[in-house]
Each structure stands twice: as C-alpha cells, then as structure tokens.
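Have the viewer open while you read.

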Amino acid sequence: MSATADHAEERTNPAARLGFQPGQVVQEIGYDDDVDQELREAIEEAIEGDLMDEDYDDVADAVVLWFRDDDGDLTDALVDATTYIEEGGAILLLTPKTGRAGYVEPSDISEAATTAGLTASKSVSVGKDWSGSRLATPKAAKAKR
C-alpha cells in the first residue's frame, strides 16, 4: 500500500516528482515576491528543512533557481549556480509559464543549459505560473576536472 501512496504523492507533489529527498541541502537563488510559495513549502517539506538563501556559502545538494527574462544572462546565472552544488547535483530552473511576465523561451533555456555544461533531464509544470526544468551536470564531465 505504501508504494501506491508514494506514487500518488509523486503525482501530486511537484517537489517529490523533481526528486527532492529528506536531508538534502537546497540553496534558493532569485527569490522575489512572485515566486510560488506552495512549491517552496513542498520542497522544504520534502527535504525536511529550510531552503538556504543566496548568502549560503557552503556546498548544496541542489539549487532552486527562479529566473525571469529580465533577470540578466541565463547562461551566467546557470554557471554561477553550478559553483554551489555538490558533484552530480541538480539545478531546478524555474521560469514563468508562457504568457506570464518574464517568460523565457524554451530554446533560450536549452541553449543556456548546453553552454553552461548542463543537461536537461526533466521539465514539469510546478504551479499555475511557473515551469521547472531539472538540469544536471554530467557526472563524466565532472570526473574529468
């Protein structure tokens, strides 16, 4: 029965669908008053702790990056975010959905991720105003450094 409950939670809880686990250290970058508070709470519930803010200066297991079209250069933001994550860690890039202020074209996300050395492993709708792209640093590329 618990397997069924786990699968049901994965479908209803975007944080579980995105792979957040208890005990992970997750840094949040780009927080503003337009972020999805329900998603933030779901992530904190999944990791059983608080999200670390932009001033966190240790290594994190994952980064949540809220990014809008007018926030600057996406490639630079992704490269900066990779400096905060553990080898093999992931970046959850959150961008406004189509038609919302700050919308970022999927082709721009793909190009920026590739340029930053990241690969997209999953895209999901994470709320009524935000879409999420799970980006990972290829482990083989990390091992060569």
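Predicted model: local features only at pLDDT ≥ 70, side-chain atom pairs only at ≥ 80, totals over all residues.

## Charges and salt bridges

At 39% relative accessibility, D71 lands in the partly exposed class (buried is under 20%, exposed over 50%, partly exposed in between, with a 1.4 Å probe and protein chains only). Residues are numbered from 1 along each chain as its sequence is written, and side-chain values use heavy atoms, leaving out hydrogens and water.

Searching the whole structure turns up five salt bridges (a side-chain nitrogen of Lys or Arg within 4 Å of a carboxyl oxygen of Asp or Glu). Among them are these:

| Pair | N to O distance |
|---|---|
| R68 and D71 | 2.9 Å |
| R100 and D129 | 2.7 Å |
| K128 and D129 | 3.6 Å |

K128 is exposed, at 63%. Through shared partners, salt bridges tie D34, R68 and D71 into one network.

There's also a surface patch of negative charge made up of D53, E54, D55, D57 and D58. Patch members have over 30% relative accessible area and no salt bridge, with like charges joined within 9 Å; Asp and Glu count as negative, placed at CG of Asp or CD of Glu. D57 is exposed at 75% and sits in the loop between α3 (37-47) and β2 (60-66).

Technical notes: Patch = residues over 30% accessible without salt bridge, like charges linked within 9 Å, V, L, I, M, F, W, Y side chains within 5 Å. Areas by Shrake-Rupley, 256 points an atom, 1.4 Å probe, with all protein chains shown as cover. Helix = DSSP H or I, 4+ residues; strand = E, 2+ residues; numbered from the N terminus.
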